[in-house]
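Student: Could you walk me through this structure? I am new to it.

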Amino acid sequence: MRHNARPQMERTLILCKPDCMEKNLAGEVLGRFQKAGLQLVAAKMLRLTPALLDEHYAPLADKPFFPEIVSFMSSRPVLALILEGDQAVTRVRDLLGPTDSRKAPPGSIRGDLGTSNMLNIAHASDSVENAAIEVKRFFRSDEIPA
């Protein structure tokens with residue numbers, strides 16, 4: 001008898017970065033996620049403050065490129081998205097491709113639209129645990145449907 005695995009419904013956070021917004025690609029990026037079967041749960045534009053960026057990028061604070069990340073990510077408003085679906089964290093990261101757009105294969109979001117390691121179109125949560133933390137970091141509870 002065959003046993004069907006139950007879907008692992010997850011939520012994940014995506015930030016359409018300043019390069020994505022400048023190139024007017026947010027609709028293209030969201031469309032690719034939706035065509036892959038992921039559901040949009042919440043979305044909002046926001047300008048990232050230094051305090052929020054310090055918290056979000058704390059693991060990179062000692063890297064020499066940290067000031068450049070903060071400057072880039074605060075250069076214009078970003079679009080924050082919460083997507084939901086079966087294994088959403090892994091699926092979103094697979095659709096995006098590797099962090100360095102130059103190493104991302106054609107057909108991936110970063111491979112098609114990104115240009116470098118920093119100008120890579122979008123941030124995506126890297127684990128279910130971090131997704132939960134990041135969703136709370138960028139969205140108030142009253143902005144997220146139950």
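Tutor: Leaving aside neighbours within four places in sequence, Arg 32 is in contact (heavy atoms within 4.5 Å) with Gly 107, Ser 108, Ile 109 and Asp 112. This is a predicted model, in which local features need pLDDT of at least 70 and side-chain atom pairs count only at pLDDT 80 or more, while totals for chains, interfaces and linings use all residues. Residues are numbered from 1 along each chain as its sequence is written, and side-chain values use heavy atoms, with hydrogens and water left out.

Student: Where is the place of Arg 32?

Tutor: Arg 32 belongs to helix 2, residues 26-35. Helices (H or I, at least four residues) and strands (E, at least two) are DSSP runs, numbered from the N terminus.

Student: And which side chain makes a polar contact with that of Arg 32?

Tutor: That of Glu 28, at 2.9 Å. A polar contact is a pair of N or O atoms within 3.5 Å; within protein, one must be able to donate a hydrogen and the other to accept it, and residues adjacent in sequence count only if both atoms are side-chain atoms.

Student: Now the sheet. In what order do the strands come?

Tutor: Four strands form an open sheet in the order 2-3-1-4, with antiparallel pairing. Two strands pair if DSSP finds at least two bridges between them. The edges are strand 2 and strand 4 (122-124), each of which pairs on one side only.

Student: How many bridges join strand 1 to strand 3?

Tutor: Eight, in the antiparallel sense. Within this pair, Ile 14 stands opposite Leu 81, and Cys 16 stands opposite Leu 79. Strand 1 is also joined to strand 4, by three bridges; there, Leu 15 has His 123 as its bridge partner.

Student: Is strand 1 mostly covered or uncovered?

Tutor: Mostly covered, with six of its eight residues buried. Buried means under 20% relative accessible area, exposed over 50%, and partly exposed in between (1.4 Å probe, protein chains only).

Student: How many disulfides are there?

Tutor: The count is zero, a disulfide being a pair of cysteine sulfur atoms within 2.5 Å. For Cys 16, the nearest cysteine sulfur is that of Cys 20, 4.2 Å away.

Student: Why does Cys 16 count as buried?

Tutor: Because its relative accessibility is 0%. Cys 20 is buried as well, with a relative accessible area of 0%.

Student: What about the largest nonpolar core?

Tutor: It has 22 residues, and those with the most contacts inside it include Leu 15, Leu 46, Leu 48 and Phe 138. A nonpolar core is a set of buried Ala, Val, Leu, Ile, Met, Phe, Trp, Tyr and Cys residues joined through side-chain atoms within 4.5 Å. Strand 1 (9-16), strand 2 (39-46), helix 3 (50-56), helix 4 (66-73), strand 3 (78-86) and helix 7 (128-138) each supply at least two residues of this core.

Student: Which element gives the most to this core?

Tutor: Helix 4, with five residues. Apart from this core lies another, of 21 residues, among them Ile 14, Leu 25, Leu 79 and Val 92.

Student: Leaving aside neighbours within four places in sequence, what is Leu 48 in contact with?

Tutor: Its contacts are Leu 53, Met 73, Ser 74, Val 78 and Phe 138.
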